[in-house]
Amino acid sequence: MSASLDRIAERFTQLLGQTAVPTRPPMPVSVATPAPAASAASPTPSPPGPIQRTDHALKGYDLNVAVSSRQVVLVAEILDQEGFALDAITGVDWLAQGEMEIVYDYFHPTASLRVVVRARVPRAEPDLPTISSVFPGANWHERETHDFFGIRFQGHPNLAPFLLPEDADFHPLRKDYQP
Amino acid sequence: MIAQKETAPTGRSGQSPQETFVLNLGPQHPAAHGVLRVLMTMDGEWITRAEPVIGYIHRMHEKMGENRTWAQFLPNTSRIDYLSAMHYTHAFVGAVERAAKIEVPPRAEYVRVITSELNRISSHLVWWGALLLDLGGFTPILYAFEDREKILDLLEGLCGARLTYCYYRFGGLCNDVDDAFLNGTRKFVQEMRPRLGMYRALVTDNIILRKRLTGTGQISAEMCRKYGATGPVIRGAGVAYDVRTIEPYSVYPQFDFKIPVYPECDSMARYLVRMDEMEQSLRIIEQALDRLPAGPFMGKVPRVLKLPPGDYCYAVEAARGRFMVRIVSDGKDTPYRLKLRTPSFSNLSLYEEASRGMILPDALAMLGSLDLVIPDIDR
């Protein structure tokens, strides 16, 4: 079981090491995507270092991975190959830092392994790609996160209001939301 | 149900017109178990697309959580999945206890296990009765509610509530168990065993039920994984995923019980998983009663509870599957963010894919075999 955790941690190290280098020079499009540094060096709540082992007894998960918004699909693909299941997707509004955090929870159906993946996007332009092509279950979770936080999942098939009324144009879990 | 005709101009061949119609099931329909609405595009009696429309009972528990102290959110936890209230409270107090490093006395943990398992049986009894109502059998729910009533009476004696218990507190319980509860629970365990045998003889082994559920409503293990479906749905697909054993919490590792697994992936497999689970819950209750330690039922908890900054998760096996609370604290006495990951939400999300190409009665039987609680989906 710990061997499996080792392997996943290693694959993430490879991914985060590899993609961090080539994405800088070419990057032809997307002004909206934030600098990778924004997520790696996130302030207070998530401690530094993109890949962290955590104690399940203290936190409720085993591995904590901070990625840039462009890497969420690659990370989802790795976890899919390793047999993980999608637990939940949600957001956290860090108003003071001007950022939105998107949290992906994964569990393993046959092993006691819990992985948390986080990405941060600027509050002004909360865009990041959908992972619903990898995990179809992400469709509903992303729709809900769009409802509550206004995070726009690029490539999502349908971001219409889901739990909120069908004409809702507000995002109630944003910290500056006034009813 | 309102049917609305929708005529496509011509079929792909350009010769025969392809005719489908939209069947609106719910939000007020007996088979929808609450305010679930399913928009079904039908080709005759076959479903080409069934899209669940949810949110009719959305109350935004997560926002409520941000506006009250940690303890003030406790009553909300009984009102998300009202049939599985004990488990939900367990997950929330577990998350807070994990964050604040509160120690729970063993007696409290044992009582939590006993009451959680009683709650699991009462929840499964409601599912059992309701599913058979969906299938046209009226009698079983009367039997199920007779047994369920005994559980509700026992739990009412403990905490005063019959459904929204709110019985656990950070660090323990709101009340210690008394002899009336302990003796009553022992009596219930003894009475329930022959009742389960009777259910098997009357319903489970009934040829009509078998023919109705066997081989229909296929949900594979792979589909469960892709959608995050848990509980009896994934165990009915041959995967022994149960939070009680995979991510052990409370004192569950101290008990000897089996995780019922059926590999058939059909509605019958999910049915059998739940029927076997009731038996296993009785086993757990019996062991916990035998070994119930003496001692305090509350640990030491600070008067004003402030959690250290950071995020903490706690998952439990609720009656419908994995329920997880994710709390984010910024050091204040109220949550910064509170996420509720509910099993019914994920279990329903696969319905559109799983129901494609099924005939309507089988799809409704499958809906019943998912054991949905709509407030649990909408939160």
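**Core and cavities of a predicted model**

In this predicted model, the largest cavity is lined by His56(A), Gly60(A), Arg98(B), Glu247(B), Pro248(B), Tyr249(B), Cys313(B), Tyr314(B), Ala315(B) and Met324(B).

User: Which element of chain B gives the most to the lining of the largest cavity?
Analyst: The lining includes Cys313(B), Tyr314(B) and Ala315(B). The element that gives the most supplies 3 residues and spans residues 310–318. That element is strand 7 of chain B.

User: How do the residues of the lining of the largest cavity divide into nonpolar, polar and charged?
Analyst: Arg98(B) and Glu247(B) are among the lining residues, and Arg and Glu count as charged. His56(A) and Gly60(A) also line the cavity. The division is 6 nonpolar, 2 polar and 2 charged.

User: What volume does the largest cavity have?
Analyst: The structure holds 3 cavities of 30 Å³ or more. For the largest, the volume is about 60 Å³.

User: Which helix of chain B gives the most to the lining of the second largest cavity?
Analyst: Tyr82(B), Asn119(B), Ser122(B), Ser123(B), Val126(B) and Arg148(B) are among the residues that line this cavity. Helix 4 and helix 5 (139–159) of chain B each supply at least two lining residues. The one that gives the most, with 4 residues, is helix 4.

User: How many residues does the largest nonpolar core have, and where does it lie?
Analyst: Tyr106(A), Ile131(A) and Tyr271(B) have the most contacts inside this core of 174 residues. Helix 4 (residues 106–134) of chain B gives the most to the core, with 12 residues. Both domains of chain B give residues to the core, so it lies between domain 1 (3–53) and domain 2 (61–377).

User: Leaving aside neighbours within four places in sequence, which residues is Ile131(A) in contact with?
Analyst: Ile131(A) is among the residues with the most contacts inside the largest nonpolar core. Beyond its neighbours within four places in sequence, its contacts are Val72(A), Val73(A), Ala76(A), Leu86(A), Ile89(A), Tyr104(A), Tyr106(A), Ala138(A) and Glu142(A).

User: Is Cys166(B) buried or exposed?
Analyst: Cys166(B) sits in the loop between helix 5 and strand 5 (168–169) of chain B. Its phi is near 50°, a positive value in a residue other than glycine. The cut-off for burial is under 20% relative accessible area. Cys166(B) has 14% relative accessibility, so it counts as buried.

User: Where is Ser250(B) found?
Analyst: Ser250(B) is not a glycine, yet has a positive phi of about 50°. Its place is the chain B loop between helix 10 (243–246) and helix 11 (267–290).

Terms used. Residues numbered from 1 in each chain as written. Chains lettered and ligands numbered in written order. Predicted model: local features only at pLDDT ≥ 70, side-chain atom pairs only at ≥ 80, totals over all residues. Heavy atoms only, no water. Core = buried A, V, L, I, M, F, W, Y, C linked by side-chain atoms within 4.5 Å. Buried < 20%, exposed > 50% of the residue type's maximum accessible area, 1.4 Å probe, protein only. Domains from an automatic or database assignment. Contact = heavy atoms within 4.5 Å. 1 Å grid on protein atoms, 1.4 Å probe; cavity = no way out; pocket = protein on both sides within 12 Å on 5 of 7 lines; lining within 4 Å. Points joined across faces, edges and corners; volume = space filled by probe spheres on them.
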